[in-house]
Amino acid sequence: MGERGREGCCPPMDLMRSEPMHLVQLIIPIESAHRTISYLGDLGLIQFKDLNAEKSPFQRTYANQIKRCGEMARKLRFFREQILKAGFSPAVRSVTEADLNLDDVEVKLGDLEAELVEINANGEKLQRTYNELAEYKLVIQKAGEFFHSALSSAEAQQREFASNQSGEESLETPLLSEQEMTTDPSKQVKLGFTAGLVPREKSIAFERILFRATRGNVFLKQAVVDNPVTDPVSGEKVEKNVFAVFFSGERAKNKILKICDAFGANRYPFSEDLGKQAQMITEVSGRLSELKTTIDAGLVHRGNLLQTIGEQFERWNFLVRREKSIYHTLNMLSIDVTKKCLVAEGWSPVFATKQIQDALHRATQDCNSQVDAIFQVLHTREMPPTYFQTNKFTSAFQEIVDAYGVAKYQEANPGVYTIVTFPFLFAVMFGDWGHGICLLLGTLYFIIREKKLSSQKLGDIMEMTFGGRYVILLMSLFSIYTGFIYNEFFSVPFEFFSRSAYSCRDLSCSEATTVGLIKARDTYPFGVDPAWYGSRSELPFLNSMKMKMSILLGVAQMNLGIILSYFNSKFFGNSINTWFQFIPQMIFLNSLFGYLSVLVIIKWCTGSKADLYHVMIYMFLSPTDEIGENQLFPGQKTTQLVLLLLAFVSVPWMLLPKPFLLKLQHDRHHGQYAPLPDSEESLQSESNQDSHGHEEFEFSEIFVHQLIHTIEFVLGAVSNTASYLRLWALSLAHSELSTVFYEKVLLLAWGYNNVIIIIVGIIIFICATVGVLLVMETLSAFLHALRLHWVEFQNKFYEGDGYKFYPYSFALIDYEEE
Amino acid sequence: MYGFEAMTFNIHGGYLEAIVRGHRSGLLTAADYNNLCQCETLEDIKMHLSATEYGPYLQNEPSPLHTTTIVEKCTLKLVDEYKQMLCQATEPLSTFLEYITYGHMIDNVVLIVTGTLHERDVQELLEKCHPLGMFDSIATLAVAQNMKELYRLVLVDTPLAPYFSECITSEDLDDMNIEIMRNTLYKAYLEDFYRFCQKLGGATAEIMSDLLAFEADRRAVNITINSIGTELTRDDRRKLYSSFGLLYPYGHEELAVSEDIDQVRAVMEKYPPYQSIFSKLSYGESQLLDKAFYEEEVKRLCLAFEQQFHYGVFFAYMRLREQEIRNLMWISECVAQNQKSRVHDSVVFIF
C-alpha cells in the first residue's frame, strides 16, 4: 500500500483516517460508454451517483437492454433449474475471460431454450402416454381381479344355490335371488361399468358423491394400489386406488362420467372377457417397453444438451450479471442534450485518480473512439463517503466499529485501537490460559482451512464465527496472557515461573489456613502467586486487585478517547473544540479519576494501608479536614484541594464559552458580504448543494446541545468509570464458575474411585466447560467488551454519522449474487 | 364495548397481526400507480413490479406476457400469504380467516353453475375460479341440474351448506335463478359473518360490523339497481337485502319500491355517509357508482389499520390486496389494448 503517492506532509494513515475522496465528473462519449463502465467495474473504485433519481426504471435510457438482460437471466434460471433437476451440477470453472458478445449469447440462449422446451414437451408427451399405459395396465390387472373373484363367488353361489335347490328349502335361501334367477332375460337391465384410478385421498369423497348422485344405485369396488402411481397429468407420484363402478342406465352413466372428471379419476376402457384382458395386458406391456426405449433415448439427448449448457453456464451467467449491472449503472448517468455523451458523477478515492484515468483511456483506445473521455474533479460541500482499506485481518475489527456507526468522513477511526483494546478487554474478563488455548485451537482450525471454508457456504452461526476468526485469534492469545497473570488453568494455579514466594511456618503446615504463611523467597516473577489460591484471603486479595486494575484500564481507555477527540479537532482545524472541550474534559476526568488511579498505584508501590474509599469520599465531603492515617504522600491535602477546584472550574469551562464563541463566529461570518463565486462551475455546484451550504444557526439549540453534552460528560465520567468494573465482575464470575466445575464435578467424581463415576464426571466437566465457559462466557465477555468500546470509549470522540463507500465493482456484484 | 383485548390479544394473534401489517406495508403506493400508469408495454409493468413484492412471482415469466399471467401471479402471491396466515392461525382467528373466503366460494359456485348452463368446458371454468374459493368437489357442481341437486350433491359438504337453506327449490337452474341464489347466499353469508364477528366482541366486532354493514348496504344498492326493469318482484327484492347495516330496515323498505336510479339516489342521500358518494355522481348516472363505492370501501379498509388488537386488519388486508389486483388488471388491460387514456377510470389508489 505504500506505493500510493500522497500529497502533504502527513504519513499515510490507512486506518486512522478514511481515504481522501473527491467527487469526480466523467464525460464519456456514448460509443465508448459501455466499455468504460465495464473497465471501471473491473477497477471497482468509483461510486456512481444516480443522476436520474426522478425517472422511473422503464423511462431510463437503457431500460430495453436491462429488460433483455432480465429475460436472459430468466432463461439461465430455467437452465439451472433443469440442470439441477436432471441431477447435473453446473461446471464451476474459473470465469476470467468475458470475451463473449451479449448479442450472440442472447441468440444462443434463445435457441437453446427453444430446443430444451421442445425436448421437454416431447418428453412430457411420451411420459404422459407411458404413465397412462402404466395406469391402464394396473387397472386391467386389479379390475380383472374383481371380475375374477366375482366370477368365482358367483359360481360358488350358483353351486350353493343348486345344492339348495336339490335339498329342502331352508330359511336362509334368499327369496330375491330366486326371483332374480327367474327373471326373463329380456327384462334384465344391462349393467354398464367403468373402471379407472382415483387418488386415494379423494376416494372417500368420490364414493360419497357417487352414492348421492345416483341415490345409491351404483356398485363401487375399489382396490388399493400399493406403490404410488405417477399421475399422467401432473407427473407427480400419487397414491391411488383402482375402482370399478357398475351402474345402470344412460343418465347415471353421464353423471358418473362427469363425477369421474371432477375428481380427476382417469378412466380406461375395459372388457369383461378374461381372454381379452390377457391380450390387452400383453399388448400394453409391449407398448410400454417400446415407449420406455423412446423415452430413454430422449433423456440421453436431453442430458447431452444440458451437459453442454452446464459447461457454458457459469460463463453466461457471469456475463449476463455483469451486463445487467453495467446497464443499471449507465442508467444512472445523465445523457447530454446532444445525445453524444453521457455525464457521470461519482465519488472516488483520490489515490485512484490515475487508475481511473488509465481505465478511461484504455476504453477509448479499445473502442477506437475519436474523443477521449473527460475526467474532472468537482468541488462540493457534500459529505464524501467513508472508505477504509481493510484486509482480511483488520476487516473484522472495522466491522465491530461500523456496526455502531460508520465513521464520519476522515474522523479518527476507533477501529485502529479496537484491534488491540478489544481482545485485551475481552481477555481481562476471560483470563484463563486453559480456556484460552481451547479457543486458540478452535480459531486456528478456521484460519488454517481458511481458503476452503471461505469458498463454501456455512451456517449462520458458523459464518459469523468464521468472519471473526482473527478477532477470536487475538482474543485467545490475550486470554492466554491474562490467564498467566491470573495464574489460572481451568481454575487450577500452577507454579509456572518459579516456586511460590510463600511457604508454611513449620513443617506440619497446620497454621497455613489460620494464621497464614510466611514469605520465604523472592516475589513471584509473573502474575499472581499460586499460594493465594485456596487460602482464606484468596477472594479479598483477587477482588481488590482486579477491581483496581479495572479502574486503571478504564481511566486509561477513556483518556485515550478524549485524546482522540483532540486529534479530531486538530485535524478539522477546530480550535474551539480543543480549548473548550478537550482541555476541560481532560482536567475533569483526571482530577477525579486520574487522581484515583494515581492513588491506586501509589498504594500498590508503597504497600500503604490507606482506605481509598475514605480518601475519595471525604475529598468531596470535607476537603479541608485532616486526612490522618489515610495519608499516602505528603502534601496530599493541598493537592486534593487544587484538583477539586480544577474539577469545579472545568464544568463551566466546558459549558459556557463554546456556544457564545460559535455565535460570535456565526455573526462575524454573516456580517460581511460573501465573496462572489469566481467561476461558473462553483456556482453550479453551489446551487446543487445549497441545501447543505449554510445551516440554520439557532443559539438556543446550540446552547441546550452543549448543556446536554456537559451534563452527559460529567455524569458519564462517574458512571463510565463504574461501568469498567464489569471487567472485574465478569472475570470474577468466570474464575468462580470454572472453580465450581473443577471442584464440584471433576474432583468430586475423582474422589469416588469408581471408573464409571469418574467417566461421567469427566463428561459432565467437558460439557460444562465447553458449553458454559467456552461458549456462553465467551459470548458474554464479547458483548461486554463490545459495550465498553461502543459506549464508554467511543462516546468520548466518535460521531459515527458517515456513510460507507460502496463502489461499483464486479467483484462485489459476484459476491452478492452468491 | 371494549374488552381487555390489549392484555391477551398478542398471545395468539400478535404474531399474525404483525405479519399482516408487514404485508400491508408492501401494498403499492400512489407513486407506484403513477409509474405503472405511464408504462408502454406489459414488459414495462413487469419491470416495475419486479421492484415490488410481486418481483419473485413474476421474474420467471417468459415474454410475451399476458394480462392474465400478471393477474394470476399476483393472485398467487395473495393466496400464498393467506395460506401462510391460515396455517399459523388458532381459533377463533382461523375461523375468521375462513369466513373471508366464503364470498369467493359463492362466486365460484355461481361461476361454475352458470358456465355449465351455457355448456362451457369445466376445466376452462375451473381456471377462471378464484383460488381462494376453491373446495374439493367444486368440479362436481357441473353435474347438478337444479338447486336441490346442487345442494344435495356438493354443497352439503362445504361451509356454504347452511346458507342454502333458503333457496332450495326444485326449479331448474336458469340465469335469473342463479343470480337470486347468489344474492341469497351472499345475504346469508354476510349475516352469518356479522353474527360471528358480534360473537367475537371487542374491537373486532366494532370494526367488522362497520365494514360488513358497508358491504351489505353496497350490495343492497347494487341489487336494487340491477333489478330495476327485471321481473323480480318487490317482495323478492326485499328478501335479498341483508338484515343489518345502515339501511336496515327503513332504507330497505324504500329501496324495495325504487323504480329508477334517481329514486335510489334519493333514498341514499338521506344517509350522511352515503351522501358524499352520490353527490359525486351526476343525475341518472350509475357507471361510476362502482368506483365511488370502491373508493369509499378502500378508505374504510385503510382506517381498520388505525386500531390494534382486532381481526379486522386481516379482512381489510385481503380486501385491499384484491382491490390492488383489480387495479393491476385494469392497468394491464389498458396498456395491452392501447387504451391508456382510460387508465385512470377504474384505478382506486390505496394510499
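**Reading strands, helices and cysteines**

Visitor: Let's start with a single pair. In E7(A), which residue is the bridge partner of Ala195(A)?

Guide: The bridge partner of Ala195(A) in E7(A) is Ala244(A). Keep in mind that this is a predicted model.

Visitor: In what order do the four strands of the open sheet in chain A come?

Guide: Read across the sheet, the order is E4-E7-E3-E8, with antiparallel pairing. Strand E4 (218–224) and strand E8 (266–268) of chain A each have a single partner strand, so they are the edges, and one side of each has no neighbour in the sheet. From one strand to the next, the twist averages 25°.

Visitor: Which helix lies across E3, E4, E7 and E8 of chain A?

Guide: That's helix H6 (residues 250–262) of chain A, and it runs at about 165° to E7(A).

Visitor: Now two helices together. How are two packed helices described?

Guide: You give the angle between their axes and the distance between the axes. Here, take helix H16 (residues 575–606) and helix H22 (residues 699–723), both of chain A: they pack at an angle of about 30°, and their axes are 11 Å apart. Angles under 35 degrees count as roughly parallel, so H16(A) is roughly parallel to H22(A).

Visitor: Is the crossing of H16(A) and H22(A) left-handed or right-handed?

Guide: H16(A) passes H22(A) in a right-handed crossing. To find the contact in the 3D view, look at residues including Phe588(A), Leu589(A) and Phe593(A) on H16(A), and Phe713(A), Val714(A) and Val718(A) on H22(A).

Visitor: On to cysteines. What is a disulfide?

Guide: It's a covalent bond between the sulfur atoms of two cysteines. In this structure, a search over all chains finds zero disulfides. Take Cys197(B): the nearest cysteine sulfur belongs to Cys302(B) and is 19 Å away. A disulfide needs the sulfurs within 2.5 Å, so Cys197(B) is in none.

Visitor: Is Cys197(B) buried or exposed?

Guide: Buried means under 20% relative accessible area, so Cys197(B), at 0%, counts as buried. Cys605(A) has a relative accessible area of 65%, so Cys605(A) is exposed.

Visitor: Where is Lys148(B) placed?

Guide: Lys148(B) is in helix H9 (residues 147–153) of chain B. With 44% relative accessibility, Lys148(B) counts as partly exposed. Leu173(B) is 25 residues apart from Lys148(B) along the chain, and their C-alpha atoms are separated by 10.0 Å.

Key:
Residues are numbered from 1 along each chain as its sequence is written. Chains are lettered from A and ligands numbered from 1 in the order in which they are written. This is a predicted model: local features need pLDDT of at least 70, side-chain atom pairs count only at pLDDT 80 or more; totals for chains, interfaces and linings use all residues. Side-chain values use heavy atoms; hydrogens and water are left out. Two strands pair if DSSP finds at least two bridges between them. Helices (H or I, at least four residues) and strands (E, at least two) are DSSP runs, numbered from the N terminus. Axes are lines fitted to C-alpha atoms, for helices over the stretch in contact, and angles run from 0 to 180 degrees between N-to-C directions. Contact means heavy atoms within 4.5 Å. Buried means under 20% relative accessible area, exposed over 50%, partly exposed in between (1.4 Å probe, protein chains only). Angles under 35 degrees count as roughly parallel, over 145 as roughly antiparallel, 65 to 115 as roughly perpendicular and the rest as oblique. A crossing is left-handed if the near helix is turned anticlockwise from the far one by less than a right angle, and right-handed if clockwise.
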